[in-house]
Structures are given as C-alpha cells and as structure tokens.
Amino acid sequence: MVFEGAIFSSVSFDKADFSPKVLTCIDQSGLIDRIISVDEPDYKSVKQTAENLNILHPIPKGSYLLPGFIDLHVHAPQWPQAGLALDKPLDEWLQKYTFPLEVKYKDLNFAKENYTGLVNELLENGTTTVLYFGSIHTDANLVLADICAEAGQRAFIGKVAMDNPTQTPEYYRDSSSKESLEQTELFINRLLDKQKKTGAELTPVITPRFVPSCTDETLAGLGNLAKKYDLPIQSHCSESIWEDHYAIERFNLRDTQVLDKFHLLTSKSIMAHATQLNDSDLELFKQRNTAIAHCPISNVYFGNSVLPVKHIHEKNINMGMGTDISGGFSPSIYRNIQQSVMSSQMLQDNSHSDSRISATNAFYLATIGGAKALHIKTGQISVGYKADFQIVTDQYFNSMSNEPQDVFERLIYHTTKSEINEVYVSGKQVINRGEHHGRK
Ligand SMILES: O=c1[nH]c(=O)c2nc[nH]c2[nH]1
C-alpha cells in the first residue's frame, strides 16, 4: 500500500512535523518502508507503479495522515458506565459503582457484548494500541483478547489482581493470594499461546489493581511473575490523596516506595495518574525508567490535583496519554489531549509558573510517549515504524488559513470520530467509514 498525501507526525515533545505531499510506502509486514517527497527523483515512478498495482491510496485535500493514538489506561469492563457515577471520591466510587459492574464479567456473554462495543469505539476514535485493565476473570479477559485480535487492535491486557479482604468486597476479589497468582500465570500462558498461534499483537500485562487492593503476598508474587516472564506492569500510583495516605498507614512508605519494594517499578512499568508524586517519588520513577499514564479527564474527578506534565518532562520521565475509561468519561484521546492542555493552564493560574503545555506537547504524549512506554516502534510516521494510522479531515479547510500550525490545532481541537475516516493497524485497515470526500 502507498498513501499519497499530507502528514502530521510528532518528532519530539516540542515539535510536530508537517509534510505537505509525500508517498508513504508500507511493506508486506505492515512497517513503513519509505517516505518519498515530491522532489525525489523516483516519486513519479513509485506512484505510477503503485497505481498500476492498484495499491495507491490518495489522501484527499483537506485530509491528513496522522499516527494512530496509544491509550495507556483503559478499564475495559467499566465501559458501560463511562460518563456515569462520577459523583463520589475514588474509594467510594469503586465500592458503590465499579466493583458491582466489574463482577458481571463473569458472564462471558455480557463480556463479549460490552467488549465488542468498546474495542470498536476506541478504533473509531483513532486509537490503534491500548493498554487494558481487564477484570479478575481469566476467561473474560481472553474474550477481550479475541475481540481485539478480530478487530485488529494491538492490545496489552492484564488480568486484574485484587485479593485484599479489607479493601475489596467478598463478591469481587480473588479468593486468596494463591488464586490471584495462579490465575495471573494462567492468563499469561493462555495469551502468549494465542499470540503464538494467531500472530495477533497481544501482550499480557502484570496488573495489581493498586496497592490498597492487594495483599503483600500478591504484590510480591506479581513482582516475581513480571521478572519471570519479562512482562510489562500496570497499576495506579499516587492517584489521590486517599491512596497516598493509605500507603503511609499500611507500610509507613510512600505509594511509589511500596511498588518499588515489591519490584513493581521497572522500565516496563506504566503507572496511571501519579498526580500526588513528590520530587523524591519522581526521582525513583526516573531511576527505574518507569512511565506515567497521564489521564487528564479522570484526574479532574479523582486526582485531587493536576499532573505537572512540563515539570515531569523536564525531569526526563516518560509519559503517555490515557482515557481511563471510566474514571474518564470519554473514549477519545483527542478529548484527553484537549483536557491536558486546559488543565495545565489552570495549574499555571494556580501559582505554578511555566506549567502550560501546548497541543504539540500533548500530541507527543498520545503518540511517541505511549509507544516509548510500551517499548513498541509505533507512534510516528517514520521509516521502520509500524504503519498505525488515522486519516482525519479538517472540517474548516475551506474557510480558514491552511498554515500547518493552524490546521494542526484545528485537528487537535475539533476532531471527533465523524472526522476520522480510516484507521490502520500495522498496515491493515481496521476502520473505513465508507467513501469519504475529504472536505465537507
Ligand atoms: O480511576 C481509577 N479506576 C479504577 O478502576 C481504579 N482502581 C483503583 N484505582 C483506580 N482508579
């Protein structure tokens, strides 16, 4: 496949590149093979060959090729309550709304119906790679994996481990630490097997829900499993004042130190929220090369403060973007990019200096930042990277300035799923909203 048209792609925290007209050539394995600009001598011949082979895909004027987004934090079973039930603080919200919903995934039909809706919704929003929390149910998590494989979405999936009887209800917890670890290992092996047999881009993830939900034995066992299988780890860290106080009361340590004590802060760890980290926590994140999933919408509800993205970036700690369905109500990474910029402006107005971030900075988190956190070669339109794309239409192309920076900001602030016409994962089309005509 050869795409002909304009590209926006992040190159660094402060810079997104614009190429007005290029050929983006994808090889058989779904990687970007070449990017040819109009002034290169073989532009015309490559285009002609692609046309003859019927593999030329012209991107209409007013539409743009962007990297697919990476969502670093989704609670898959919470999809049916996205936008509901955000009236309580985190600890009460979990008990009152969230655990009663998650337990329903024991029913695999319920799981299939809701996971199918979620995976399609995320793809339609331009999200090509997702780091999912499943539920405690091994079989339902495998249903999620099948749906992702079928839909063509790259998925990192964790069986949620939670067995602490003082913080989780009897109706929704692993019955013991032994059970929690055995089911986690079973899920890892089943998923690795599926991945081997089908070639689908599926990776198991070690997933302690968060420190309060797990016993010491489970935290320690999960640290060992992560090492044994060399796997990514996901959890929540210092998400709220309540969570931070809990760690101090139980361990006389900060939340970050507890995770580290159990070998859960590694270069393959991705910790959601992190709004309460202090400078010594950040130093530990840096030493361990642990990444943060920034969930700006959810943080408004549960985070008790705004993540200081600029400050953390300056400390050389990697961050990606997460919707946090359903602590965050929107499945759109665009909507979260917008919120991250808005929240950073408010942080500045609340006496932090130089905390504002730009759309360019947030776009970096949603693409390159996420890819780095997961150690995968995607998130940018560059040679050798996976061909994960979205083709997006600028609604105001006819009416306003088409300077690249203006178009870029319009795309970031105005794109909804109606403007995302096609989505590709590893060169394979996964969404096609039908014949689209570029400008409206
Ligand atoms: O936003 C959140 N959603 C959850 O499901 C959760 N569990 C622990 N901490 C959490 N935070």
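**Figure 1. Overall size of the predicted protein chain.** The protein chain has a radius of gyration of 21 Å, which agrees with the value near 22 Å that a compact globule of 440 residues would have. The radius is taken over C-alpha atoms, and the globule rule is 2.2 Å times the number of residues to the power 0.38. This is a predicted model, in which local features need pLDDT of at least 70 and side-chain atom pairs count only at pLDDT 80 or more, while totals for chains, interfaces and linings use all residues. Residues are numbered from 1 along each chain as its sequence is written. Along the principal axes, the C-alpha atoms fill a box of roughly 65 × 55 × 40 Å. The secondary structure comes to 14 helices and 16 strands; these are DSSP runs numbered from the N terminus, with helices being H or I of at least four residues and strands being E of at least two. Of the 440 residues, 52% count as buried. A residue is buried if 20 or more other C-beta atoms lie within 10 Å of its own, exposed if 12 or fewer, and partly exposed in between, with C-beta atoms placed from the backbone. Among contacts between residues at least 6 apart in sequence, 74% join residues at least 24 apart; two residues are in contact if their C-beta atoms, placed from the backbone, lie within 7 Å.

**Figure 2. The two domains and the annotated span.** The domain assignment gives domain 1 (2-67 + 381-432) and domain 2 (69-374); such bounds come from an automatic or database domain assignment. The centres of domain 1 and domain 2, taken over C-alpha atoms, are separated by 30 Å. In the UniProt record, an unreviewed entry, the annotation "domain: Amidohydrolase-related" covers residues 64-430; UniProt positions are given in the numbering used here, feature names are shortened, and annotations may be inferred rather than shown by experiment. The span 64-430 is 45% helix and 17% strand, and its end C-alpha atoms lie 17 Å apart.

**Figure 3. The shell around the ligand.** H75, L90, L94, T98, R209, F210, H236, E239, S298, F302, D324 and G327 surround the ligand. A residue is near a molecule or strand if its C-beta atom, placed from the backbone, lies within 6 Å of it. Two elements give two or more residues to this shell, helix 2 (90-102) and helix 10 (296-303). The largest share, three residues, comes from helix 2. The shell divides into four nonpolar, five polar and three charged residues.

Figure 4. Six of the eight residues of helix 10 are buried, namely P296, I297, S298, N299, F302 and G303. S298 and F302 also belong to the shell around the ligand. The buried residues of helix 10 pack against helix 2, strand 11 (269-273), strand 12 (291-294) and helix 12 (333-349). Just after helix 10, N304 takes a positive phi of about 60°.

Figure 5. Most residues other than glycine have a negative phi, and most peptide bonds are trans. H273, in strand 11, has a positive phi of about 80° although it is not a glycine. H273 is buried, with 30 other C-beta atoms within 10 Å. N316 lies in the loop between helix 11 (309-314) and strand 13, and its phi is positive, near 70°. N316 counts as exposed, with 10 C-beta neighbours inside 10 Å. The peptide bond joining I325 and S326 is cis, with omega about 5°. S326 is placed in the loop between strand 13 (319-321) and helix 12.

Terms used
Nonpolar A, V, L, I, M, F, W, Y, C, P; charged D, E, K, R; others polar.
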